[in-house]
Amino acid sequence: MTELRLFNSLTRQIEPFVPVHEGEARVYTCGPTVYNYPHIGNMRAYVFADTLGRVLSYKGYRLTHVINITDVGHLTDDADAGEDKMEKMAAENAKSIWDIALHYTEAYWEDIKALNIRQPAHWSIATDYVPAMIDFAKSIADKHCYELDSGLYFDTSTVANYGALARAKTEDGEGRIAEVEGKRHAADFAIWRKTPAGETRQMEWDSPWGKGAPGWHLECSVMSEALLGLPFDIHTGGIDHREIHHPNEIAQNQARCHSDASGANIWMHNNFLVERSGKMSKSSGEFLRLQLLIDKGFHPLAYRLMCLQAHYRSELEFSWEGLQAAFVRLKRMVMTYTKWNEKLTEGRNTPGDSWEHERVTNDLVNRFEAAVSADLNTSDALTVLDETLALKGTAAACIVTAAHQMDQVLGLNLGRLTRQDLRIRPKTAIITEAEIETALAARKEARAAKDFARSDAIRDDLIAKGVEVMDGDPLGWDWRLDI
Ligand code: AMP
Ligand code: ZN
């Protein structure tokens, strides 16, 4: 087996993966703040974490994966300014925070399922851990924190190398806002935010520092320690977390463990999915939710494939053309995989030296493994899968076994997806599948009767309704609805 090597944001180097506990891999992924629907950029972070988890499982590690759900504490600005995102959304919609959290958590889980992201061992919900957060804060308060009217603040000068992950110096004010009166350093951050006098929040708890709510950074330190123990193996998140959220988690972990170590051996960050106009946003332009892609007729796994085609550390620009290309590639993969599978179940095997066939596919599996072991090079891995499916003169049994193994890591669900699943009717379509099938049957009859005028008229009518008729398509797609 090839050694697994991963890029560690802490050292900015690719390093061998050496587990803390023999044979195990413990991974923590920063999850969504459930105040709104996730956009597909957010989902790229979970496709990445899922792929990492699948690679670890494939390589034989017993995986414990935690993804948290943030339902309190995340402010509209990462640097202690602004309002709590959940409180704000609830107030704007005259709903309880609990209703908001439930609704958007369920929407997020739907996207997780649609993208064939495996269930982690734990979905940790932040509000379930508030007593543990208070205990954690109490344990570090004396040596590392100070109290202001607005809350309990972490003094970032009390730990070694604060901000090393971000390559920032302690006094760097860049990207951080020292708006809070009395903060000792610009980078200091709230671990407990007191409810201002005369106000009530929907979510507040009693604490030694008065009624209030935990800081967002505290949540992840507490939940990762509670469920994985410190230190654990890998912490993941989007690249924005490398700047503030994760340096702050590290500072808390250092304080908690009386150590200079960061709490996780490897910190990994996926780069952003961007739109041509810039950063993806939930408020400006077309809100790119996974459901929008489906409404337009794309299968959600086409988006998963689009993510896997790029390296997780590269920026990926979203375009409908790019998604369309990924969808076509997915269709080809599914159809060829299905063809091999049918060949296998029908017992139509390719004759020849079975050892030679196995050697061919084993070589491909080894190349595949080497690709994903090299800091998750999923783009090369996909090329190897394409080569496997395109083999000629090799036994179907060997091809299906190899492709199935590869798909355990890629998660494209090749063995289950059918032609029917991939035919998603765009929401705007004005014709049903049954109508298309009926029209095509009538066209076939007309052609058999050499009534070409009628057959052309049927075809023109279908085209007018957005249906492309695909005579003689090598993969057997008789028609396609324009997306
Ligand atoms: P949030 O719900 O805002 O905390 O974000 C959830 C996850 O998505 C975090 O890991 C973010 O770093 C990540 N993220 C946010 N925007 C993008 C994007 N455009 N592309 C990739 N990941 C993103
Ligand atoms: Zn986090």
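User: At roughly what angle do the axes of α2 and helix α3 (residues 97-114) cross?
Analyst: This is a predicted model, in which local features need pLDDT of at least 70 and side-chain atom pairs pLDDT 80 or more, while totals for chains, interfaces and linings use all residues. Residues are numbered from 1 along each chain as written, chains are lettered from A and ligands numbered from 1 in written order, and side-chain values use heavy atoms without hydrogens or water. Helices are DSSP runs (H or I, at least four residues; strands are E, at least two) numbered from the N terminus, and axes are lines fitted to C-alpha atoms, for helices over the stretch in contact, with angles from 0 to 180 degrees between N-to-C directions. The two axes come within 9 Å and cross at roughly 105 degrees.

User: How is α2 oriented relative to α3?
Analyst: Angles under 35 degrees count as roughly parallel, over 145 as roughly antiparallel, 65 to 115 as roughly perpendicular and the rest as oblique. The crossing is at roughly 105 degrees, which makes α2, relative to α3, roughly perpendicular.

User: Which residues of α3 make the contact with α2?
Analyst: Contact means heavy atoms within 4.5 Å. From α2 come Met86, Glu87, Met89, Ala90 and Asn93, and from α3 come Ile97, Ile100, Ala101 and Tyr104.

User: How far apart are the C-alpha centres of domain 1 and domain 3?
Analyst: The bounds, which come from an automatic or database assignment, are 5-284 for domain 1, 330-410 for domain 2 and 433-481 for domain 3. Between the C-alpha centres of domain 1 and domain 3 the distance is 54 Å.
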